[in-house]
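Student: I'd like to learn how to read contacts in a protein model. Could you walk me through a few of them?

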Amino acid sequence: MEGVMSSVKIEEVRTQFERFAAHSHIKGLGVREGKVEFVGDGFVGQTEAREAAYIVVKMIKEGKFAGKGVLIVGPPGTGKTALALGIARELGSETPFVALSGGEIYSLEVKKSEFLMRALRRAIGIKVREWRKVYEGEVRSLEFRYGRHPYNPYIQRVLGATIKLRTRDEEKTLRIPAEIAQQLIELGVEEGDVIMIDEETGAVSVVGRGEGGEQYDIAVRKRAELPKGPVYKEKEIVRFFTLHDVDMSLARQRGLISAMIFGFAEEVKEIPDEVRRQSDEIVKKTVEEGKAELVPGVLFIDDAHLLDIESFSFLMRAMETEFAPIIIMATNRGIAKIRGTDVESPHGIPQDMLDRLVIIRTRPYTADEVREIITIKAREQNVPLGRDALELLTAIGAEHSLRYALQLLTPAYIIAKERGRSTVTREEVEYVKRHFVSVKESVEYVKSLEEKFLR
């Protein structure tokens with residue numbers, strides 16, 4: 001039946017990787033022909049740290065980094081998170097990157113070990129290749145059918161849709177059920193988009209913006225070629241999951257079985273060890289059969305000094321497991337107590353963990369590096385900077401902190417516009433600097449009025 005889609009049987013787990021928006025411009029480590037460029041792939045300076053990170057990348061690619069991790073040490077605002085993300089980018093565009101802070105393990109929802117295990121397994125990707133029967137083409141027209149909601153007469157619900165898809169060789173009109181129509185709405189599919197609909201599961205994926213689709217200045221979708229051949233075809237599909245996705249899928253299946261037998265389903269708060277073992281067996285079998293490949297990713301733990309002794313012990317054991325991502329930690333502490341003990345150690349990390357870590361240091365930015373970063377950030381934020389304003393911000397960044405100098409950019413531009421100026425001058429920077437003080441100035445202010453502050 002050409003125009004009628006089969007009902008949805010399987011709910012696909014869609015993976016999302018958390019990435020910090022502040023570092024979305026990082027594309028790699030800025031290495032060209034084996035040499036680290038001063039400005040490259042979103043980085044400015046820190047050439048020594050980036051070169052060390054690139055050596056780590058080469059060791060990982062050659063399979064000579066098993067059982068080890070990376071520790072990035074440096075003052076605040078020196079690019080530690082960016083360096084970790086740069087390593088992930090150098091390993092490949094599909095490399096999972098999971099970022100968390102050491103303080104996040106103290107969750108009231110799950111145990112520390114469960115939280116860390118989930119993070120570790122979210123950082124291991126599985127790329128599955130399989131042949132599927134799909135409908136693929138550029139959307140020529142899309143009309144939704146709405147009806148009254150059975151429980152609320154004041155709102156409408158989508159009942160289905162009629163969609164016309166075309167390829168270079170064919171055009172078809174399809175009637176699709178509500179489940180698929182709802183996905184089209186959620187994905188924001190419109191005329192000109194190239195989409196693919198899995199016949200069996202009903203899962204919709206957007207390939208990109210087609211040749212006939214209008215492309216705006218701010219492109220939401222990447223360009224996609226108009227598909228060849230028939231609209232309905234058998235095609236090799238590449239799906240991307242993580243080990244955690246597989247764990248959750250199996251845990252939910254167990255819950256459904258218990259619901260059918262006992263009449264209730266338990267909420268999946270902690271995934272049993274036997275479920276994870278079953279996941280590993282399924283993944284191993286799929287990989288051995290050549291249907292999938294593992295994509296080890298990066299687990300980045302910022303503020304690693306906030307982890308406690310039990311967490312470090314857990315991570316050391318996890319490093320030696322068969323399915324282990326690259327663990328990168330970062331800290332800005334010197335000698336500190338290991339949380340959960342009275343023992344002091346470098347960076348607040350146990351000695352046996354430190355022995356497993358390759359340590360990379362980041363240094364405070366030089367004036368030239370600060371100037372270059374401010375110039376780039378001003379360009380990104382469309383803030384026109386005068387030469388005198390740039391030099392003052394550079395001096396502020398070198399004396400106080402780079403982050404403080406960057407924080408002054410937007411308010412200075414707002415004041416400049418209010419004064420009828422198209423470019424930020426030294427006067428606007430001095431004006432906002434008086435109103436928003438740096439950490440250093442804030443501490444000096446507190447000390448000067450120490451008796452009047454509450455203790």
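**Reading contacts, one at a time**

Tutor: Happy to! Let's start with a salt bridge: Arg-209 pairs with Glu-190, and their closest N and O atoms are 3.6 Å apart. The pair links distant parts of the chain, with Arg-209 in strand S11 and Glu-190 in the loop between helix H4 and strand S10, 19 residues apart. Keep in mind that this is a predicted model.

Student: Are these two partners buried or exposed, Arg-209 and Glu-190?

Tutor: The cut-off for buried is under 20% relative accessible area. Arg-209 is buried because its relative accessible area is 7%, whereas Glu-190, at 37%, counts as partly exposed.

Student: How many salt bridges does a search of the whole structure find?

Tutor: The search finds 33. One of them joins the side chains of Arg-361 and Glu-48, at 3.2 Å from N to O. That pair also links distant parts of the chain: Arg-361 sits in strand S18 and Glu-48 in helix H1, 313 residues apart. Salt bridges can also be linked in a network, as with Glu-114, Arg-118, Arg-121, Asp-247, Arg-276 and Asp-280.

Student: What about helix packing? At what angle do H3 and H7 pack?

Tutor: For two helices, look at the angle, the axis distance and the handedness. Helix H3 (residues 112-122) and helix H7 (residues 309-319) pack at about 35°, with their axes 10 Å apart, and the crossing is right-handed. H3 contributes Lys-112, Ser-113, Leu-116, Met-117 and Leu-120 to the contact, while H7 brings Glu-310, Ser-311, Phe-314, Leu-315 and Ala-318. By type, these residues are six nonpolar, two polar and two charged.

Student: Which residue forms a salt bridge with Lys-112?

Tutor: Glu-310 does, with the closest N and O atoms 3.9 Å apart. Lys-112 lies in H3 and Glu-310 in H7, so this pair ties together parts that are 198 residues apart in sequence. Lys-112 is partly exposed, at 28% relative accessible area.

Student: Now a single residue, please. What does the side chain of Thr-331 make a polar contact with?

Tutor: With the side chain of His-305, at 2.8 Å. A polar atom of the Thr-331 side chain also lies 3.1 Å from the backbone nitrogen of Arg-333. Thr-331 is in strand S15 (residues 326-331) and counts as buried because its relative accessibility is 1%. Leaving out residues up to four places away in sequence, Thr-331 touches several others, including Leu-71, Val-73, Lys-80 and His-347.

Conventions
Residues numbered from 1 in each chain as written. Predicted model: local features only at pLDDT ≥ 70, side-chain atom pairs only at ≥ 80, totals over all residues. Heavy atoms only, no water. Axes fitted to C-alpha atoms, helices over the stretch in contact; angles between N-to-C directions. Helix = DSSP H or I, 4+ residues; strand = E, 2+ residues; numbered from the N terminus. Left-handed = near helix turned anticlockwise from the far one by under 90°. Contact = heavy atoms within 4.5 Å. Nonpolar A, V, L, I, M, F, W, Y, C, P; charged D, E, K, R; others polar. Buried < 20%, exposed > 50% of the residue type's maximum accessible area, 1.4 Å probe, protein only. Polar contact = N/O pair within 3.5 Å; in protein donor to acceptor, adjacent residues only side chain to side chain. Salt bridge = Lys/Arg side-chain N within 4 Å of Asp/Glu carboxyl O.
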